[in-house]
Amino acid sequence: MTDKLNELTAAGVAVWLDDLSRVRLSSGGLDQLRREKHVAGVTTNPTIFAKALSDADEYNWQLRDLATRGVDVEEAVRMLTTYDVRWACDVMRPSYDGSAGVDGRVSIEVDPRSAHDADKTVAEAKALWWLVDRPNLFIKIPATEEGLSAITDTLAEGISVNVTLIFGLDRYSAVMEAFLAGLEQAKANGHDLSKIGSVASFFVSRVDSEVDKRLEKVGSDQAKGLKGKAAVANAQLAYERYTEVFSSGRWKALEAAGAHPQRPLWASTSTKNPDYRDVIYVEELIAPGTVNTMPEAVIHAYADHGETRGDTVTGAYDAARKVFADLESVGVDMSDVIATLEREGVEKFEASWQELLDGVSKSLAAAGTGKGSPNKAAKGNAKAAEKAGGA
């Protein structure tokens with residue numbers, strides 16, 4: 001049988017898993033995906049952790065110890081999540097070593113409630129870096145306006161960064177500028193640039209969800225004919241900007257000093273509309289030097305029936321620009337779409353974080369009284385967090 005995920009990897013797309021749980025770690029499931037499905041990295045978010053903590057009794061011993069110590073819920077969340085991420089970093093270490101530090105990365109997110117506070121974001125990024133203490137860690141920082149300086153300052157400390165919640169082209173350009181500035185400062189600070197990694201997580205399916213809703217409201221045949229086209233076009237034009245930045249003289253100077261490029265990472269790649277092909281956001285975004293982070297179901301779907309047709313991005317720029325022009329002609333304001341998605345993205349992650357805190361708080365209380373299974377107390381909160389939406 002054809003190894004479709006190997007074909008995807010050979011085309012230059014790093015396959016990452018958008019999920020993590022202690023059961024996945026203890027069962028060897030993550031290592032199996034690394035060995036058998038070419039999974040070369042892991043991304044997480046508060047929704048993923050809320051679900052993981054509610055589903056597994058394997059957290060109970062740690063919850064009881066934390067309750068006995070009387071730690072507050074914020075510290076408990078950090079202890080629980082960094083434990084899993086540290087373990088995952090160790091599982092993915094062969095991919096990290098085998099790719100000279102490019103892949104094998106595991107991401108953990110700063111508190112999204114600090115998305116508009118650059119100083120607090122940098123301070124938390126440092127704390128997470130110390131806590132996990134693994135070279136193949138990524139700290140996820142939201143690409144808000146305030147987050148841009150936090151990205152630069154965190155990279156300047158020699159800390160690897162996954163920039164998350166990127167929806168629009170102009171913001172993506174600003175993220176790449178923040179990355180270059182961060183590496184330049186890191187070099188001036190004496191850090192080894194070859195040890196610093198970064199990806200820019202450009203969200204995909206949520207763009208179609210928002211645009212399609214607006215096209216449905218317009219209601220014309222022309223508008224309905226544009227459904228399902230905006231997200232891929234948006235990402236394709238982002239890749240065009242990526243190739244321009246990472247062929248510049250400024251980048252070449254950093255590359256000569258050992259730096260790795262900040263790869264575009266396609267996030268939110270599960271299909272939200274059942275009318276669309278379940279692997280559309282993988283097949284239509286194949287390009288060298290990219291990452292596609294997928295839920296396990298999408299990984300298995302691609303392994304079963306995905307089609308690797310070579311580079312499906314580089315030659316599509318003009319067609320993508322036409323999609324944008326057509327959207328404008330039917331009254332879809334893409335700048336407003338992007339602003340809405342960024343605002344809602346931060347709000348959803350904040351809601352998921354609060355649900356995670358509430359769930360862990362209930363679990364700590366249950367562990368402290370010794371009544372019942374601590375993780376069961378968080379199930380209702382985890383379901384709400386999952387509904388709020390992750391990557």
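Buried means under 20% relative accessible area, exposed over 50%, and partly exposed in between (1.4 Å probe, protein chains only). I worked on a predicted model, in which local features need pLDDT of at least 70, side-chain atom pairs count only at pLDDT 80 or more, and totals for chains, interfaces and linings use all residues. Residues are numbered from 1 along each chain as its sequence is written, and side-chain values use heavy atoms, with hydrogens and water left out.

**Entry 1: T43.** I looked up T43 and found that its relative accessible area is 3%, so T43 is buried. I located T43 in the loop between strand 2 (39-42) and helix 4 (46-55); helices (H or I, at least four residues) and strands (E, at least two) are DSSP runs, numbered from the N terminus. Leaving aside neighbours within four places in sequence, I found T43 in contact (heavy atoms within 4.5 Å) with residues including W16, D18, N162 and T293.

**Entry 2: the core.** I noted that the largest nonpolar core has 125 residues; such a core is a set of buried Ala, Val, Leu, Ile, Met, Phe, Trp, Tyr and Cys residues joined through side-chain atoms within 4.5 Å. Helix 18 (residues 334-369) gives the most to this core, with 12 residues. V85 and V211 are among the residues with the most contacts inside the core. Beyond its neighbours within four places in sequence, V85 touches L20, F49, V106, S107, I108, V132 and L137.

**Entry 3: a helix pair.** I found V207, D208 and V211 of helix 11 meeting A230, A231 and N234 of helix 13.
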